[in-house]
Amino acid sequence: MGKSVLNGCVFVMCFLLFYYTPVVSETITAQTILQHTDEIRNPRTDYRVTAKITSKKPRKKDKTAIYEILIKGQDKTIIKTLKPEIDRGTSLLMLKYDLWVFLQTVSKPLRISLQQRLFGEAANGDIARVNFSGDYDPELLDIVTIKEKPFYFLELTAKNEKVTYHKIKLWVMKDTYYPVKGEFYAFSGKLLKTCYYTNYKKVLDKMRPTRLVLDNPLVKGQRTIIDYYDMRRDTFSDKIFTKNHMKKLKY
């Protein structure tokens, strides 16, 4: 994304935060909105996708990592580290809310949490688990108008402490259910990051955001960009989503 485009996106989202106008609410439920949004964020099918993560920090050289992600249903994910070369072969396995990392130099897998950082501002759960409608209780706080376009404004509260974030504030375009912005909060109430869903493209029969921009609210200019590409349907056996099979993953 060009600098001018990103700045424009940030400006629109700032406008959203401070200058929205409430309108009359509707009968549609928050859960329905969230389910539609989830279907746009990730396909309701088994699939694989490649994610390139770029970490940007002021006055420092950008750092990049590439992962191949295999997803089965809503509760099974494998993440294969392709780059940087020093980390190639490191794999993550998610089963429901349980997450393990398999290192080349350690014989046994290590238990980790969805909240831990994977790379840059991106947490493990940002990549491994994307089931908002299953993990959170949503509330429709308002319908807001931005430049004559209506948006749903949702607040999501975690159903348990195993998920990546305690609360999420989410802005969703009313006419398309496209997510445009999310604010992610820790269990302490601290704002951890702001996410912009951008670069919508038609992928697997739907328009989907192929770029996520994660901004650190405490450090100006510190952000992580996640670019998704080569998303395609696949068929996976349950047996590959096991600890024993992780040792057999091919790179």
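Mentor: Before we start, a residue is called buried under 20% relative accessible area, exposed over 50%, and partly exposed in between, using a 1.4 Å probe and protein chains only. This is a predicted model, where local features need pLDDT of at least 70, side-chain atom pairs count only at pLDDT 80 or more, and totals for chains, interfaces and linings use all residues. Residues are numbered from 1 along each chain as its sequence is written, and side-chain values use heavy atoms, with hydrogens and water left out.

Trainee: Thanks! So is Thr210 buried or exposed?

Mentor: Thr210 counts as buried because its relative accessibility is 8%.

Trainee: And which strand is Thr210 found in?

Mentor: Thr210 belongs to strand E15, residues 206-215. Strands (E, at least two residues) and helices (H or I, at least four) are DSSP runs numbered from the N terminus.

Trainee: What does the side chain of Thr210 reach?

Mentor: The backbone oxygen of Asn199, at 2.6 Å.

Trainee: Switching topic: how many residues of strand E3 are buried?

Mentor: In E3 (residues 63-72), 8 of the 10 are buried, so this strand is largely enclosed by the rest of the structure.

Trainee: How many bridges join E2 to E3?

Mentor: There are 9, and strand E2 (residues 47-56) runs antiparallel to E3. Two strands pair if DSSP finds at least two bridges between them.

Trainee: Which residue stands opposite Arg48?

Mentor: Leu70 in E3.

How values were computed. Polar contact = N/O pair within 3.5 Å; in protein donor to acceptor, adjacent residues only side chain to side chain.
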